[in-house]
Amino acid sequence: MRVGVLTGGGDCPGLNAVIRAIVRRGVPEYGYSFLGFRDGWRGPLEALTKPLDIPAVRGLLPRGGTILGSSRTNPFALEDGVARIKHNLQNLGVDALIAIGGEDTLGVATKLHEMGVNVVGVPKTIDNDLAGTDYTFGFDTAVTIATEAIDRLHTTAESHHRTLIVEVMGRHAGWIALHSGMAGGANAILIPEVRFDIDQVCDWVESRFRLEYAPIIVVSEGAMPKDGDEVLLSGEKDAFGHVRLGGIGDWLGREIESRTGKEARTTVLGHVQRGGTPTSRDRWLATRFGLHAIDAVAAEKWGQMTALRGTDIVTVPLQEATAQLKLVDPALYAEAAVFFG
Ligand code: F6P
């Protein structure tokens, strides 16, 4: 059997570890050959390929990014997208595809499976918002980077008696903000799932200053004030209809400064959260997902995705996993709120 592999959507530490594990088990154990597709769904759409064999995956475990490249190409945005993919897969002799991606990439995989393409999915996203799996790889790395940033910001905030705001990624789900904010001892954590009251945030800031500490506020890029909307970098949409978020941190800084009269500055962590080497936990999870993905191909579990449940790797229907996002549970948020102010 010849198996195609692609990585789509925003890149994520651990993608290369998945690719490595797929090939390292697939060649000796099942006798499969592999073909890498470049840049997400653009690869099968335009027949852009890269050889993928054991020498090609040497040294990949600690490497961030993806050797296959990524994109947010949506074949369903094109009239002949599906037909082109089917044609190219047949021409290249590819019998099955492993798609490694988040909600959009796996959403495409779900529909292609329903249209007769042999697909297995592997969940990835630093946002950890994919349903069906307890965790996605990349999340632990992003949280580790954000926590380290918060630790560093505490000391400079205290030296200058400033409010420091840290804007982290998380378009629809506040997992990165919640975990890094709790680990870093933030005085407020603002997430997309719970609209915030700016007066309440300013009260927390004031109370922190009264205790002779400097406040640290962690905010997800998709967080929204009670009576406002998401703050956008531009109105432009990608092929899946997502706008570019960004700016809520600066907005908060301006509001807090003008309402409290005390200096507030914002640090936007941005793509630093996605770049570089994965943590050992993400390497472990990504490797196990890769091993189980190739087993799923061997078992012809088409339309399934690998998932972490407790400490077990299982497979779940892609349809179930992509039907809705996994958002922060209000009870978890309430735990973090004990430390606000
Ligand atoms: O989906 C992962 C993610 O990092 C989100 O947290 C973020 O909103 C988005 O990708 C940013 O995408 P891009 O790098 O394309 O601007």
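**A walk through the model**

Author: Let's begin with H6, whose buried residues pack against helix H5 (139-160), S6, S7, S8 and helix H11 (330-337). Keep in mind that this is a predicted model.

Reader: Which residues of H6 are buried?
Author: They are Trp 175, Ile 176, Ala 177, Leu 178, Ser 180, Gly 181 and Gly 184. That makes seven of the ten residues of helix H6 (residues 175-184), so the helix is largely enclosed by the rest of the structure.

Reader: And what follows H6?
Author: Gly 185 does, and its phi is positive, near 70°.

Reader: Okay, what about H7, how many residues has it got?
Author: Helix H7 (residues 198-210) has 13 residues. From first C-alpha to last it reaches 18 Å, close to the 18 Å expected at 1.5 Å a residue.

Reader: Which of the H7 residues are buried, and what do they pack against?
Author: The buried ones are Ile 198, Val 201, Cys 202, Val 205, Ser 207, Arg 208 and Phe 209. They pack against S6, strand S7 (188-190), strand S8 (216-220) and helix H8 (248-260).

Reader: Let's zoom out. How is the protein chain divided?
Author: Into domain 1 (2-138 + 278-322) and domain 2 (140-275). The centres of domain 1 and domain 2, taken over C-alpha atoms, are separated by 32 Å. Their contact takes 21 residues from domain 1 and 19 residues from domain 2.

Reader: Now pockets. How much space lies in the largest pocket?
Author: About 710 Å³. The largest pocket is lined by 34 residues.

Reader: Which of those lie nearest its centre?
Author: Arg 72, Met 169, Arg 171, Glu 221 and Arg 274 lie nearest the centre of the largest pocket.

Reader: Which elements give two or more residues to that lining?
Author: Helix H4 (103-114), strand S6 (163-168), strand S9 (232-237) and strand S10 (243-245) do. As for the domains, the lining of the largest pocket draws at least three residues from each of domain 1 and domain 2.

Reader: How many of the lining residues are nonpolar, polar or charged?
Author: The lining of the largest pocket divides into seven nonpolar, twelve polar and 15 charged residues.

Reader: Is Asn 128 buried or exposed?
Author: Asn 128 has a relative accessible area of 2%, and the cut-off for buried is under 20%, so Asn 128 counts as buried.

Reader: What about Glu 300, where is that?
Author: Glu 300 is in the loop between helix H9 (280-298) and strand S12 (304-309). Phi of Glu 300 is near 55°, again a positive value in a residue other than glycine. Glu 300 is exposed, with a relative accessible area of 53%.

Reader: And Arg 283, where does it lie and what does it touch?
Author: Arg 283 lies in helix H9 and is partly exposed, with a relative accessible area of 26%. Not counting residues up to four places away in sequence, Arg 283 touches Ala 17, Leu 61, Pro 62, Thr 277 and Pro 278.

Reader: How far apart are Arg 283 and Pro 62?
Author: Along the chain they are 221 residues apart, while their C-alpha atoms are separated by 7.5 Å.

Reader: What about Glu 263 and Leu 92?
Author: Glu 263 and Leu 92 are 171 residues apart along the chain, and 60 Å separates their C-alpha atoms. Glu 263 lies in the loop between H8 and strand S11 (264-268). Its contacts, leaving aside neighbours within four places in sequence, are Arg 162, Thr 163 and Glu 257.

Reader: Last one: where is Asp 95?
Author: Asp 95 lies in the loop between helix H3 (81-91) and strand S4 (96-101). At 39% relative accessibility, Asp 95 counts as partly exposed. Leaving aside neighbours within four places in sequence, Asp 95 is in contact with Met 1, Arg 2 and Asn 118.

Definitions and conventions
Residues are numbered from 1 along each chain as its sequence is written. This is a predicted model: local features need pLDDT of at least 70, side-chain atom pairs count only at pLDDT 80 or more; totals for chains, interfaces and linings use all residues. Side-chain values use heavy atoms; hydrogens and water are left out. On a 1 Å grid over the protein atoms alone, a cavity is a set of points where a 1.4 Å probe fits but cannot get out, and a pocket is an open set with protein on both sides within 12 Å along at least five of seven lines; lining residues have an atom within 4 Å of a point. Grid points are joined across faces, edges and corners, and a volume is the space filled by probe spheres set on the points. Helices (H or I, at least four residues) and strands (E, at least two) are DSSP runs, numbered from the N terminus. Ala, Val, Leu, Ile, Met, Phe, Trp, Tyr, Cys and Pro count as nonpolar, Asp, Glu, Lys and Arg as charged, and the others, Gly among them, as polar. Domain bounds come from an automatic or database domain assignment. The expected span of a helix is 1.5 Å times one less than its number of residues. Buried means under 20% relative accessible area, exposed over 50%, partly exposed in between (1.4 Å probe, protein chains only). Contact means heavy atoms within 4.5 Å.
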